[in-house]
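Let's take a walk through a protein model together. Have the sequence and the 3D view ready, and look things up as you read.

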Amino acid sequence: MTHPFFAIHRHGLIRVAAATPRASVGDTAANADATIALAKEADARGVDLVVFPELNLTSYAIDDLHLQTAQQRATLAAIATVVEASAEMRPVLLVGAALVRNGRLYNCALAIARGRVLGVVPKTFLPNYREFYEKRWFASGAGMTGLTIDLNGEDVPFGTDLVFAARDLPSFVFHAEICEDYWAPTPPSTAGALAGALICCNLSASNIVIGKARDRAMLAAAQSARAVCAYVYSAAGPGESTTEVAWDGQGLIHELGEQIAESARFSTEPELVVADVDCERITQERLRTGTFNDAAVFAGNPETRFRRIAFDHAPVLADSGLERAIRRFPFVPNDPARRDDDCYEAFNIQVEALSKRLVAAHAETIVIGVSGGLDSTHALIVAAKAMDRLGRPRSAILGFTMPGFATGEGTKANAWALMRALGITAEEIDIKPAARRMLEDIGHPFSEGEPIYDITFENVQAGLRTDYLFRLANQRRGIVLGTGDLSEMALGWCTYGVGDQMSHYAVNAGVPKTLIQFLIRWCIRTDQYDAATDAILSTILAQEISPELVPAGADGALQSTESMIGPYALNDFFAHYVIRYGLAPSKIAFLAWHAWRDASVGAWPEDLPADARVAYDLPTIKAWLKKFLVRFFTTSQFKRSAMPNGPKVSAGGALSPRGDWRAPSDGIATTWIEELRSSVP
């Protein structure tokens, strides 16, 4: 596919690799050959940047051989060999070598691209403790700025003040540091990131001892989170001298604190671990994090001191696949342990928040409408747990099921079964007489027997339910507990004011629909309630999502929410990338297409039912995304601007105008719709 939409570079993605060549003990020619072999493999895979281990051309564990003239000359010859071979390759290579400059030997990273050395970065922090003796051989690069080095007859930028930037690919900006640098309290990559680097790289030797691999991963994750960047780490592998230590060849790629790729360790074969890092997401995160800019200011604005080494990368805007896993459910981890950890936190955030609000409001009761659907079910079980935590009887929860013109017997039965199982005070109020009277009073055709099921018909029912709940709360010294979720607020799928948009406390407002289903499953799996409650929760999970405001058609089909507004799985995917990262619609479509186009590829959350494991093609994704954009940016912000209090639950964002999301109520979606139309085939 040749349309630019299918190219990763069109969407701010850069393909990086951590390379682990087979090392030697000081055989620089062999090291150069091993480096070139992996560089060719990276080129064939469309990689933009390859990070090799520390001193991979010279060899690391050769001790005093570093101080031999023959070894130093052999290193220069190896560099020349790699530079020449790189002329016909796409990737930029970050290789390690020991270089002499002005009577000192430096442990260096060399950036090589298209037949030339872009620059040389010396190591700043030299370990000289336990098994390390680097100060015996090397000088620190600390303070070495604005300099050059003569490298095989060419004057090349040299110093710790270098960032490398592609002229023709704005997202491709990287910085290099070496091994101990990121173990230091003040890693040089922090300044590099503050100077504009989006990808920070570490060329490492790093011998292996028990537990050290975990430490490396922790540091790479922490640095990518703290410096708001991608972090590519490559440690030396088999072949280095084992006179005193051993090597495992760990390769890591992190982005904003999340590990997105890792190599096999202790491999006897050369390895190249590849991933596409999302530099647009990194940039957007920096824009959203004022502390990042403050840190640059407090550090004296490093961009004014760093040299930006420009190069032409000549990216090919063609489909090269996607080398990263995209979660279909951004709010739900695929890993069962992480999923359960997230569910534990989300559920207890809601319980704690509601408990505090009950005490602060001096509320004696909770008043809640119970429909038998997902949202009211989840709000109700949160309320039950809050009462348990406060030591109050569940009978102080006043649950009302309020059947209307289209309420199914199944959902009403589920509502009653759930209320009884939980031991709350349960009542039923038939809203149909009041609804008929209101429809008659306003002259609606339905009151004359016409089957007109318009938005007025629907909202009369939704509004009456909320009206009853507020008056019941007044009467019974309680608060109305909102049941609407984050997905519904994103789509505006709620009745404004006197409707389900309003409550005294919106306990579900920070929880998307897709997560609610997993939260209920988690409650069942972890025995939060008794067997009778678990049984009815399972039944509710299995039913069709419907507002049940319009009578079934001639075919008996119920009103389906997802057939009108789109699959919640897609809508939650769209919402995550709009709210949390502000990505362009075409980028969101690109990610959704890679995540959802083939149900047989990629991981699914473990307990997602088989019939929910579906695929969506690009036209379907584009069509539902357009509807989402209209609903989100044009038709529903006024509802969010007046939404009640409720706890933020996910780092993926919330929509409260007092929290994560502030937007004009009279905005329009034109910019987003046009970007989608013009950029997606």
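Which residues of α5 are buried? They are Cys279, Glu280, Arg281, Ile282, Gln284, Glu285 and Arg286, where buried means under 20% relative accessible area, exposed over 50% and partly exposed in between, using a 1.4 Å probe and protein chains only.

## What you're looking at

This is a predicted model, where local features need pLDDT of at least 70 and side-chain atom pairs count only at pLDDT 80 or more, while totals for chains, interfaces and linings use all residues. Residues are numbered from 1 along each chain as its sequence is written, and side-chain values use heavy atoms, with hydrogens and water left out.

The protein chain has 20 helices and 20 strands; these are DSSP runs, numbered from the N terminus, with helices being H or I of at least four residues and strands E of at least two. Its C-alpha trace spans about 100 × 55 × 45 Å along the principal axes. Of the chain's 681 residues, 58% count as buried.

## Back to helix α5

## A sheet with a helix across it

Now find the open sheet of 5 strands, which pair in parallel in the order β18-β17-β16-β19-β20. Its edge strands, β18 (425-428) and β20 (505-506), each pair on one side only. Strands count as paired if DSSP finds at least two bridges between them. Strand β19 (residues 478-482) pairs with β20 in the parallel sense over 2 bridges, and Gly482 stands opposite Ala506 in β20.

Helix α8 (residues 374-390) lies across β16 (365-369), β17 (397-401) and β19, and runs at about 165 degrees to β16. For that angle, axes are lines fitted to C-alpha atoms, for helices over the stretch in contact, and angles run from 0 to 180 degrees between N-to-C directions.

Where does Asn571 lie? Asn571 is in helix α16 (residues 568-579). Asn571 is buried, with a relative accessible area of 2%. Leaving aside neighbours within four places in sequence, Asn571 is in contact with Leu491, Ile565, Gly566 and Phe628; contact means heavy atoms within 4.5 Å.
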